[in-house]
Amino acid sequence: MIKSLKVLVILCLSAVFSLATQAQTDKQRAEIEARIKPVGEVCLQGDASCAATGAATGAARSGEEVYNTSCMVCHASGVAGAPILGDATAWADRIAKGRDVLLDSGINGLAGTGMMAKGGCGNCSDEEVTAAVDYMIDGSQ
Ligand code: HEC
């Protein structure tokens with residue numbers, strides 16, 4: 001009787017030990033996986049994963065930043081007849097067409113005019129151009 005009790009205790013102990021060892025192994029595995037996970041992830045423009053994290057260059061730029069780097073060159077002085085930011089008269093008829101029309105012009109350009117798709121900004125996402133158009137609308141009424 002005592003002998004079989006001893007065997008039972010030993011069996012229990014070894015079960016506890018193997019569980020502990022297993023837990024340790026899982027923890028170590030998680031640590032190792034965390035250490036070897038990729039530093040960066042490649043995402044292509046338009047991917048959902050890019051939209052979540054912002055463009056590959058970092059967070060999405062604000063409308064003002066995009067305007068200053070990509071739109072200002074024409075929209076500050078009126079190059080080729082571009083409506084000037086802040087000129088409420090020049091913008092009134094355009095704003096009257098509705099935001100969707102202006103967003104479409106910003107993203108896809110206006111055929112036959114100096115307004116190219118995304119104002120020529122190759123690395124601007126649709127959201128960034130949208131923010132820039134909103135910035136221009138807000139500043140021009
Ligand atoms: C190379 C010059 C140029 C650049 C750069 C440029 N635009 Fe334009 N944009 C124009 C011109 C010219 C027009 C007027 C086109 C017309 O109606 O004849 C225009 C018109 C627009 C309009 C009004 C469209 C409409 O439907 O009435 C929006 C909105 C606009 N631009 C947004 C932007 C944004 C946003 C950027 C920067 C991402 C930008 N543009 C960069 C030249 C430019």
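K97 has a polar side-chain atom 2.7 Å from an oxygen atom of the ligand. That is a polar contact, meaning a pair of N or O atoms within 3.5 Å.

A word on the model. It is predicted, so local features need pLDDT of at least 70 and side-chain atom pairs pLDDT 80 or more, while totals for chains, interfaces and linings use all residues. Numbering runs from 1 along each chain as its sequence is written, and side-chain values use heavy atoms, without hydrogens and water.

Back to the ligand. S105 places a polar side-chain atom 2.6 Å from a ligand oxygen atom. In H75, a side-chain N or O atom is 2.8 Å from a nitrogen atom of the ligand.

Now the shell. The ligand is surrounded by 25 residues, each with a heavy atom within 4 Å of it. C71, C74, H75, S105 and M115 are the closest. By type, the shell holds 15 nonpolar, 7 polar and 3 charged residues. Cys and Met count as nonpolar here, Lys as charged.

Which helix gives the most to the shell? α3 does, with 5 residues. α3 spans 63–75, and α4 (88–96), α5 (99–108) and α6 (126–138) also supply at least two residues each. Helices are DSSP runs of H or I, at least four residues.

Next, the cysteines. C71 is buried, at 13% relative accessibility. C74 is partly exposed, at 27%. Buried means under 20%, exposed over 50%, partly exposed in between, using a 1.4 Å probe on protein chains only.

Last, the disulfide. C121 and C124 form it, with sulfur atoms 2.0 Å apart; the cut-off is 2.5 Å. Its S-S torsion is about 85°, so it is right-handed. C121 is buried at 9%, and C124 is buried at 1%.

Methods: Polar contact = N/O pair within 3.5 Å; in protein donor to acceptor, adjacent residues only side chain to side chain.
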